[in-house]
Amino acid sequence: MLQLFFGFVFLSSVSQLQSLTGAQAECPLQLNPQRVVVRYGSSVAVNCKTSVLHKGIGWEAIEGAVPMTKNQNLITWRVINLTEWDIKPFCYINYKIGDKNQCIEELPVALYKTPDSVSIRTVIHRGPMIEGQQYELQCDVHDVAPVQYLTVKWYKGQTLLNQTIFSDTIETPVNKAITLLIRPDRADDGAQYWCEAELDLGAEGPQPPPKNSSKPLNVEVYYKPRHFSSTETIIKDDKVMLDCTVKANPAPDYTWSSDHLKEKISSSVLKSSALSPGKYTCTTTNSLGRDSKVFILKSTGAQDECPLQLDSQRVVVRYGGSVEVNCSTSVAQKGMGWEASEGGVPMTRNQNLITWRVSELTDWDIYPFCYINLIDGNQCVVKLPVTVYKTPDSVSISTVNHRGPMIEGQQYELQCDVHDVAPVQYLTVKWYKGQTLLHQTTFTDTIETPVNKTVTLLIHPDRADDGAQYWCEAELDLGAEGPQPSPKYSSEPLNVEVYYNPRHSRSTETIIKDDKVMLDCTVKANPAPDYTWSSDHLKEKISSSVLKSSELSPGKYTCTATNSLGSDSKVFILKSTGIRPTFWTVLTVFQLSVALISVI
Ligand SMILES: *[C@@H]1O[C@H](CO)[C@@H](O)[C@H](O)[C@H]1NC(C)=O
Ligand SMILES: *[C@@H]1O[C@H](CO)[C@@H](O)[C@H](O)[C@H]1NC(C)=O
C-alpha cells in the first residue's frame, strides 16, 4: 500500500519532474554517493542500487570493475589505491521495460592531489628593498591537481593582498608559478609576505579545503629619514632635550649645526640647559637621503646674577584675562619695583615682595620686568616673559574649486580656515580623516597679534573613502605654563562622497549547480551599477544581479556591471553535478510507477 501511495505521488506531480535530479527517472539506478572527490592514492567505494527486476547489473571502470551480476540489487565499485587520473566509472543495468533494455549511470570522479611544495621568492632581487621601488614576488606551487579547483592567495602578515584562480581543465598534476608586484614603503620594513595554495573541491571534498602555505618571506625595506615636523620650539629647561631622533633604515647619522656651537655634534639629542638660546639645525642622513629639523631654543628669561626671584618664570595669559606675579628678594636694598605697560608697581622701599597684577590684560606686546636698586648703587632687572593668547573665533573646512561627489583617484584640495588666533608660533593645525591623523602644520611666524591662517591638504580619495569624514583641528599648545589640556577647536566634518567604477574581486568563478547556489554578480560601486548577463544559454539579456544556478544549463555566463565611471565583467563557469535530466523523465517515472504497482 505504501509503495502504491508513493507511485501515485510520483504521477500526480508531473509538473515538477523537469526539475527533479532525474537519476532514478532516466535509468533505474541509484549511485550513492552521486559524485566523489578522492585524494590520489586513497580508497573509494560507491554503491549502485536498483529496485527493478533485471537480467544483470555491473560496474565498468579501468580499476575496480564489477562483472555483470544477476540476482543482486546492490553492487559496489571499490578501489583501494586510486591512481588513475582519467577514470570514468559507470554502473549499467540490463532490464526489460517498454522499449529500453540497457542503461548506464556515470559516476563523476574528481581525483585530487595537494601540492608537494609551496614556496615564495623574490624575482631577480636579493637583499633589502628600497622604499617606493617595485619588486616582483613569485609563488611556486608544485605538483597539484586539478588546477581548476586551485586558488593561490597572497598575504602580507594576516592581510589578503590578492588571489588567483585557474581556468585550465587539465586533470593531471601540474606546477604553477604566480607573480605579485609590490611597492613596499617604510611601514613594510619587517613585513612577512607569504602565499597559500587552497584546493576547494566543493561540498563533497575535504572540509575545510586543504591549504598549503609557503614559508614567510621577510622583507627588509630601506627608507630615508623623514621628520614629522620640520620646526620645533623649545623652552630652555634642565629637563628638556632637543631630540632629533627619527626612524630610518639603515640607521641614520646625526649632525647639529648652529652659530652657537663651536663644532659639529653627532649625537641625536642635546640638553637644552647646556645651550644658549637660538636656532639649532639637526640633519639626519642615511644612504638613501637626508632630512633636517630646526629647533628654536627660547630662554625662560631668568638671569642668575640678579638677586630677585619671580614666582613664575614665564606666564601665559588669555587675552583679557588676569595675571599676578610676585617678585621677591632676600638681600638688603634701596628699593624695588615693576616696570610694565599695564600693572606697573612704582619703586617701593622697605619691602621685599612686590606684585605685578593686571585684572584684564589687553596688550599683545607686554614686556614686564622687576628691578632692584642694590646697596652698592648698582641696579639689576629680571624680565618676565608673557605670552598673550587668543583661541580662534572659528575653524572651518571646505573643498577648493569643487562641489559634489569626488571621482576615485583624482586629486582634490581641502582648505582649513582658522580665524583670529594668536600667537601662531604655538598653533598646530591637524587634518583628520575619521579618527586618523593625516597631516599637521606648525608655523614659524613670530607675530604676536591675532591672524587668520589658511592651510590646504591635497587628497586622492579612493573607493574606501566614500562616506569618509574629513575635518581639521586648531590646537594651541602653549607649553607647561599654558592651559591644560591645550585648547583645541575642530571644524565641522566634511562628508566626502566618492564615485568609483565596479571592480569584481575575482574575474572568474566556478560554480557547481545546486538548488541553493546563486551566480552572484553583486559588486559595490558608486553610482549603483546596472547588471547585464550574456551567455549562449540565455535567450535574452537579464538585468538582475543574481541568477539561480538551478534554472540554468551548465556553461559559461558573463555578467557585466556598469555605472557612469566604467564597467567590469565576471565569468561564471557553471558545472553540473554530473546528473543529466532528459525528456524521458516523465515516461520513465510513469513506467517505474507501473512497475511498482505490479510488484504489489
Ligand atoms: C598505490 O599505487 C602506486 C602506483 O601503483 C604505488 O606507487 C603506491 O605505493 C601504492 N600505495 C599504496 C598505499 O598501496
Ligand atoms: C604672592 O604673594 C602673596 C603674599 O605672600 C601671596 O598671598 C600670593 O598668593 C602670591 N601670589 C602668587 C601668584 O603666588
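An oxygen atom of ligand 2 is placed 2.3 Å from an N or O atom in the side chain of Asn326, in what is a predicted model. The protein covers 39% of the 360 Å² of accessible area that ligand 2 has on its own.

The protein chain is divided into domain 1, comprising residues 29–112, domain 2, comprising residues 113–222, and domain 3, comprising residues 394–499. Between the C-alpha centres of domain 1 and domain 3 the separation is 73 Å.

An open sheet of three strands is formed in the order β10-β12-β15, with antiparallel pairing. Its edge strands are β10, spanning residues 117–122, and β15, spanning residues 174–182, each of which pairs on one side only. On average, and with direction ignored, neighbouring strands of this sheet are turned by 15 degrees against each other. Strand β12, which covers residues 135–144, runs antiparallel to β15 and is joined to that strand by eight bridges; within this pairing, Tyr135 has Ile182 of β15 as its bridge partner.

Another open sheet of three strands has the order β35-β37-β40, and its pairing is likewise antiparallel. Here the edge strands are β35 and β40, each pairing on one side only, and neighbouring strands are turned by 15 degrees against each other on average when direction is ignored. Strand β35 (residues 394–399) pairs with strand β37 (residues 412–421) in the antiparallel sense over six bridges. In this pair of strands, Val395 stands opposite Val418 of β37, and Thr399 stands opposite Leu414, also in β37. The pairing of β37 with strand β40 (residues 451–459) is again antiparallel and extends over eight bridges, with Val421 standing opposite Val451 in β40.

Several backbone features are found in loops. The peptide bond from Ala145 to Pro146 is cis, with an omega value near -15 degrees, and Pro146 is located in the loop between β12 and β13, the latter strand comprising residues 150–156. A cis peptide bond also joins Asn249 and Pro250, where omega is about 0 degrees; the position of Pro250 is in the loop that lies between β21 (241–243) and β22 (253–257). Asn71, a residue other than glycine, has a positive phi value near 55 degrees, and its place is in the loop between β5, which covers residues 66–69, and β6, which covers residues 74–79.

Methods. Residues numbered from 1 in each chain as written. Chains lettered and ligands numbered in written order. Predicted model: local features only at pLDDT ≥ 70, side-chain atom pairs only at ≥ 80, totals over all residues. Heavy atoms only, no water. Pairing = 2+ DSSP bridges. Helix = DSSP H or I, 4+ residues; strand = E, 2+ residues; numbered from the N terminus. Axes fitted to C-alpha atoms, helices over the stretch in contact; angles between N-to-C directions. Polar contact = N/O pair within 3.5 Å; in protein donor to acceptor, adjacent residues only side chain to side chain. Areas by Shrake-Rupley, 256 points an atom, 1.4 Å probe, with all protein chains shown as cover. Domains from an automatic or database assignment.
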